[in-house]
Amino acid sequence: MASTSASGDPAEPLIDPHPEEGEQRPLTLCGRIFSCLFCLACIPVAASVACLGLCCCLGASAADNAVNKARGKRWDGTQNKWVVDRLEEEAAEIEKLPKDDDDILKVSKEEEDPAAAVASDGAPAVKDTEYYDVLGVPTDAPESKIKKAYYIQARKWHPDKNQSEEAKVKFQAIGEAYQVLSDEKLRTVYNREGKDGLSGDKTEVAVDQVDPSLIFTFLFGNDSFDDIIGRLQLVTQTLVGGSPDAENFTRQQMVELERRRVVRLAVALRNRIQRFVDGDVDGAKAQWTAKGEELVEVRYGEQILNTVGTMYKLVSKEVIGSWSEGMDAKVKAAGMQMDAAKNAANAAQTTQNTAKDGGSDEDALPAMIEIMWNMTVIDIASSIREVVMKVLKDQSVSSDIRKKRANAVHELGIIWEGQKKSGTDGMQQSVRNMYMSATAAAMEATLDKVKKEEEQHAAKATS
């Protein structure tokens with residue numbers, strides 16, 4: 001049974017370079033949140049089931065549904081059009097493209113030669129360029145480029161990926177550079193007086209100065225989940241925002257980036273369930289369980305894995321279940337995203353109230369993380385839906401194989417939905433601990449370093 005979702009339902013394989021006139025423009029992540037919130041505000045709760053067919057998030061009319069489903073198509077919520085999935089063809093096409101989408105994001109040059117950045121002729125003179133050199137940005141780099149450079153370099157040298165002593169030193173330097181250059185006041189002082197002028201001021205810029213979108217990428221963008229949830233949309237927006245030609249990015253390029261993400265994840269899911277499809281059910285389940293046990297131990301691993309598992313279970317049930325089971329699964333999947341949208345909105349209100357009441361950024365931290373997490377849920381849920389549908393509606397295999405795949409995804413979903421972190425206590429799960437772990441290995445090391453430097457400076461002054 002094909003279906004419609006909070007991100008759309010049924011879909012064609014390769015992106016159409018000439019979108020049909022009248023095609024609905026895909027919503028951004030924030031757009032999805034506010035669109036869903038609008039529907040929730042305007043449509044009574046009692047009519048929530050009807051909302052699944054009428055909500056502005058869902059797209060296709062009943063007439064279109066009937067005609068296109070009869071043709072074996074499904075609605076692709078990524079491309080916002082009807083498609084026939086042929087995973088083999090799409091995978092072959094994606095295989096020829098840069099794995100990190102450098103052809104669109106143009107990230108590779110910045111990774112390979114961060115010191116190659118050259119300021120424009122009109123750039124103001126600065127006393128010291130060390131921090132700019134560390135991030136590989138010119139001295140007149142805008143905030144968006146500094147943010148992007150930090151993301152690229154910090155991800156490359158993050159302790160989660162690189163355990164070497166060199167990586168530790170570079171990661172600390174990258175964190176210190178971003179801490180200063182991302183703060184307008186500190187950057188002004190640094191440009192005028194160099195590092196010496198920051199001795200006292202720098203310690204006042206604690207972890208709360210880090211850009212929220214960067215916290216987001218390190219908190220929820222763990223590499224362990226790369227072949228399960230891919231590059232989160234806010235991470236993509238961070239990379240796009242720092243691109244030299246960010247203003248020239250088109251809607252179609254953003255759609256193409258998400259399409260590639262879905263195809264890559266669909267291929268990974270197909271490969272993960274192949275053992276089950278081939279008949280080794282027990283072996284496959286044991287493999288999935290072992291993988292899940294690894295994943296729940298990373299930052300937010302349990303929450304991400306359980307969310308993925310829930311979506312695997314619900315979307316596969318739409319395909320293999322009865323009409324009523326499929327509709328129930330569809331309602332629950334859509335409800336999951338709507339709940340996340342409401343939770344994000346409530347958390348945003350809490351953050352505003354905290355600010356009005358004179359609370360500090362630290363007081364607002366739990367609400368800020370709540371917003372980020374619920375945005376992640378919306379992103380994961382919509383993307384995983386497309387991934388599962390692409391695997392289960394794949395017309396390049398027989399209907400028998402598609403049915404086995406659906407059963408496999410359902411079983412995988414049940415396992416991952418229920419896996420929990422071992423030996424978890426309240427302290428380990430606290431928002432503050434996860435937040436500190438994510439941001440800032442760099443920030444903690446930087447503040448530590450500054451404190452020691454000041455102690456040494458004070459000791460010399462009194463001697």
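**View 1. The buried residues of helix H9 in a predicted model.** Ala167, Phe171, Ile174, Gly175, Glu176, Ala177, Tyr178, Gln179, Val180 and Leu181 are the buried residues of H9, a helix that is shown here, like the rest of the chain, as part of a predicted model. Helix H9 covers residues 165-181, and its 17 residues reach 25 Å from the first C-alpha to the last, which is close to the 24 Å expected at 1.5 Å a residue.

**View 2. The largest nonpolar core and the residues that touch the most other members of it.** This core has 63 residues, and within it Leu269, Ile273, Trp288, Val308, Tyr312 and Trp416 touch the most other members. Helix H18, which spans residues 365-392, provides the largest share of the core, namely 13 residues. Another core, of 21 residues, lies apart from this one, and among its members are Ala167, Ile174, Ala177 and Val180.

**View 3. The surroundings of Tyr312 and Gly413.** When its neighbours within four places in sequence are left aside, Tyr312 is in contact with Ile228, Leu269, Ile384, Val388, Val409, Leu412, Gly413 and Trp416. Gly413 is found in helix H19, residues 399-418, and it counts as buried because its relative accessibility is 0%, under the 20% cut-off. With its own neighbours within four places set aside, Gly413 is in contact with Gly309, Thr310, Tyr312 and Lys313. Although Gly413 and Lys313 are 100 residues apart in sequence, their C-alpha atoms are 4.6 Å apart in space.

**View 4. Aromatic ring pairs, including Trp75 with Trp82.** The count comes to 6 aromatic pairs in the model. The ring centres of Trp75 and Trp82 are 5.6 Å apart and their planes stand at 70°, so this pair is edge-to-face. Both Trp75 and Trp82 are buried. Elsewhere, ring pairs link Tyr131, Tyr132 and Tyr190 into a cluster.

**View 5. Confidence along the protein chain.** The mean pLDDT of the protein chain is 74, and 64% of its residues reach 70 or more. Among the elements of the chain, helix H2 (residues 48-54) has the lowest mean pLDDT, 36, whereas H19 has the highest, 97. Over residues 1-60 the pLDDT is below 50, and this stretch has 151 contacts in the model beyond near neighbours in sequence. The pLDDT also stays under 50 over residues 201-210, for which the model has 27 contacts beyond four places in sequence. Where pLDDT is low, the predicted coordinates should not be read in detail.

Conventions. Residues numbered from 1 in each chain as written. Predicted model: local features only at pLDDT ≥ 70, side-chain atom pairs only at ≥ 80, totals over all residues. Heavy atoms only, no water. Core = buried A, V, L, I, M, F, W, Y, C linked by side-chain atoms within 4.5 Å. Buried < 20%, exposed > 50% of the residue type's maximum accessible area, 1.4 Å probe, protein only. Helix = DSSP H or I, 4+ residues; strand = E, 2+ residues; numbered from the N terminus. Contact = heavy atoms within 4.5 Å. Expected span 1.5 Å × (residues − 1). pLDDT = per-residue confidence, 0-100. Phe/Tyr/Trp six-rings, centres within 6.5 Å; stacked < 30°, edge-to-face > 60°.
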